[in-house]
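Let us walk through this model step by step. Keep the sequence at hand as you read.

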Amino acid sequence: VTLGQLFTDPGSSASDNLDGDLSTSVAVSGSIDINTVGTYVLSYDVSDAAGNTATTVTRTIDVVSPVILSIEAETATIGGAHTVDTVNAGFTGSGYIVHSGEGYLEYTFTAYGVAYDLSVRYALDTGDLPLEVILNSTSQGNLAFPATGSFAVWGDSGALTITPDSGSNTLRLSTTGVGGANIDQITLTPQ
């Protein structure tokens, strides 16, 4: 759960071979402070009409405060003939990626399982060379890269909302048949 976001308990179910559905009898204990970062545990208990108690089931809820993630393009695993270059000034990090034909850029990053706005800092002289955004092997759609006017003029793409898994993730930016813009940096901003 993101800090300050309302938590709705997804509930529980229970049944007994004699009493049938006991879901409405499940007692929940524990509490969550959505305004304080931390790990919270809810416990679910139930017993049947004969007093037989079920094993307690717990649910762990992490209240997190995600931060903006910045990934330098040149740290990618490169598929294809793309290269790292430093010719055009104004880039961040130690360089930027020059798309040379078809291929992909792939990154591994750690995040929370909440929605992020993905944007890319890039430069492109003319046209629009979209890239397909693939998160953990699932396409998220294409991200447009309209011309910035020059390979020396850096701009930011529009945002594409993605929701990574909590933990390690793989992000791939793949060409869509026409090459791609020069890529400087990827930013993931929590919503």
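**From a loop to the core**

Start with Phe91, which sits in the loop between strand 8 (83-85) and strand 9 (96-98). Remember that this is a predicted model. Is Phe91 buried, exposed or partly exposed? Its relative accessibility is 22%, so Phe91 counts as partly exposed. The cut-off for buried is under 20%. Which residues does Phe91 touch, leaving aside its neighbours within four places in sequence? Phe91 is in contact with Thr86, Tyr96, Arg121, Trp154 and Asp184. Now look across to Val28. Phe91 and Val28 are 63 residues apart in sequence. In space, their C-alpha atoms are 53 Å apart.

Next, find strand 17, which covers residues 182-190. Seven of its nine residues are buried, so strand 17 is largely enclosed by the rest of the structure. Which way does strand 11 (residues 116-124) run against strand 17, parallel or antiparallel? The two run antiparallel, and eight bridges join them. Here Val120 stands opposite Ile186 of strand 17. Strand 6 (residues 69-72) also runs antiparallel to strand 17, with four bridges between them. In this pair, Ser70 stands opposite Thr187.

Stay with Ile186. Leaving aside neighbours within four places in sequence, Ile186 is in contact with Leu69, Ser70 and Ile71, among others. Its contacts also include Tyr107, Leu118, Val120 and Leu173.

Now turn to the nonpolar cores. In soluble globular proteins, nonpolar side chains tend to be buried together. The largest nonpolar core here has 29 residues. Which of them touch the most other members? They are Phe109, Leu118, Val120, Phe145, Ile183 and Ile186. Several strands each supply at least two residues of this core, including strand 6, strand 10 (103-111), strand 12 (131-135) and strand 17. Strand 11 gives the most, with five residues. A second, separate core has seven residues, among them Leu22, Val26, Tyr44 and Val46.

Finish at another loop. Asn136 lies between strand 12 and strand 13 (138-143). Ser137 lies in the loop between strand 12 and strand 13 too. Look at their backbone angles. Phi of Asn136 is near 50°, a positive value in a residue other than glycine. Phi of Ser137 is near 70°, also positive in a residue other than glycine. How exposed are they? Asn136 has 26% relative accessibility, so it counts as partly exposed. Ser137 has 74%, so it counts as exposed. The cut-off for exposed is over 50%.

Terms used. Residues are numbered from 1 along each chain as its sequence is written. This is a predicted model: local features need pLDDT of at least 70, side-chain atom pairs count only at pLDDT 80 or more; totals for chains, interfaces and linings use all residues. Side-chain values use heavy atoms; hydrogens and water are left out. Buried means under 20% relative accessible area, exposed over 50%, partly exposed in between (1.4 Å probe, protein chains only). Two strands pair if DSSP finds at least two bridges between them. A nonpolar core is a set of buried Ala, Val, Leu, Ile, Met, Phe, Trp, Tyr and Cys residues joined through side-chain atoms within 4.5 Å. Contact means heavy atoms within 4.5 Å.
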